[in-house]
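Reader: Got a model open here. Can you walk me through how its helices pack?

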Amino acid sequence: MEKFFKDALKVSIASLVISITLYIVIIAFFLLSVVTANIFGTVIKIIVPILILVTILGFIYSFFIKGKQKIPFLTLHFVSLCALSFGIYLAASFQGFAP
């Protein structure tokens with residue numbers, strides 16, 4: 001485990017894979033939320049903080065990547081943070097519209 005955290009590229013790739021997997025889980029539960037609305041709310045409350053932490057960790061480790069791979073990983077993690085922030089903003093904005 002110690003060797004894993006010393007290699008910034010491996011940590012950034014793992015963070016990106018975990019982020020994409022969590023986004024897919026959120027989308028899958030959203031599509032199934034017609035039947036199970038309570039489960040979707042619970043899953044969101046659990047997954048979003050994990051997603052925030054994993055994405056920030058990957059973004060920070062992307063600064064330590066050497067070579068030409070630095071810019072794409074920084075960009076991908078930044079886009080993930082922006083999408084997550086926008087989703088949280090929309091959830092807070094439309095919170096009063098739900099019955």
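**Helix packing**

Author: This is a predicted model. The axes of helix 2 and helix 3 cross at roughly 160° and come within 9 Å.

Reader: Roughly parallel or antiparallel, then?

Author: Roughly antiparallel, because an angle over 145 degrees counts as that, and helix 2 and helix 3 cross at roughly 160°.

Reader: What's the hand of the crossing of helix 2 and helix 3?

Author: Left-handed. By class, the contact of helix 2 with helix 3 has 19 nonpolar and six polar residues, and no charged ones.

Reader: Which residues of helix 2 are buried?

Author: Ala8, Val11, Ser12, Ser15, Leu16, Ser19, Leu22 and Ile26.

Reader: And what do the buried residues of helix 2 pack against?

Author: Their partners are helix 1 (2–6), helix 3 (37–62) and helix 4 (70–93).

Reader: Length check. How far apart are the end C-alpha atoms of helix 2?

Author: They are 35 Å apart. Helix 2 covers residues 8–31, so its 24 residues should span 34 Å at 1.5 Å a residue. The two values agree.

Reader: New topic. Where is serine 85?

Author: Serine 85 is in helix 4.

Reader: How far is serine 85 from isoleucine 52, in sequence and in space?

Author: Serine 85 and isoleucine 52 are 33 residues apart in sequence. In space, C-alpha to C-alpha, they are 9.1 Å apart.

Methods
Residues are numbered from 1 along each chain as its sequence is written. This is a predicted model: local features need pLDDT of at least 70, side-chain atom pairs count only at pLDDT 80 or more; totals for chains, interfaces and linings use all residues. Side-chain values use heavy atoms; hydrogens and water are left out. Helices (H or I, at least four residues) and strands (E, at least two) are DSSP runs, numbered from the N terminus. The expected span of a helix is 1.5 Å times one less than its number of residues. Buried means under 20% relative accessible area, exposed over 50%, partly exposed in between (1.4 Å probe, protein chains only). Contact means heavy atoms within 4.5 Å. Axes are lines fitted to C-alpha atoms, for helices over the stretch in contact, and angles run from 0 to 180 degrees between N-to-C directions. Angles under 35 degrees count as roughly parallel, over 145 as roughly antiparallel, 65 to 115 as roughly perpendicular and the rest as oblique. A crossing is left-handed if the near helix is turned anticlockwise from the far one by less than a right angle, and right-handed if clockwise. Ala, Val, Leu, Ile, Met, Phe, Trp, Tyr, Cys and Pro count as nonpolar, Asp, Glu, Lys and Arg as charged, and the others, Gly among them, as polar.
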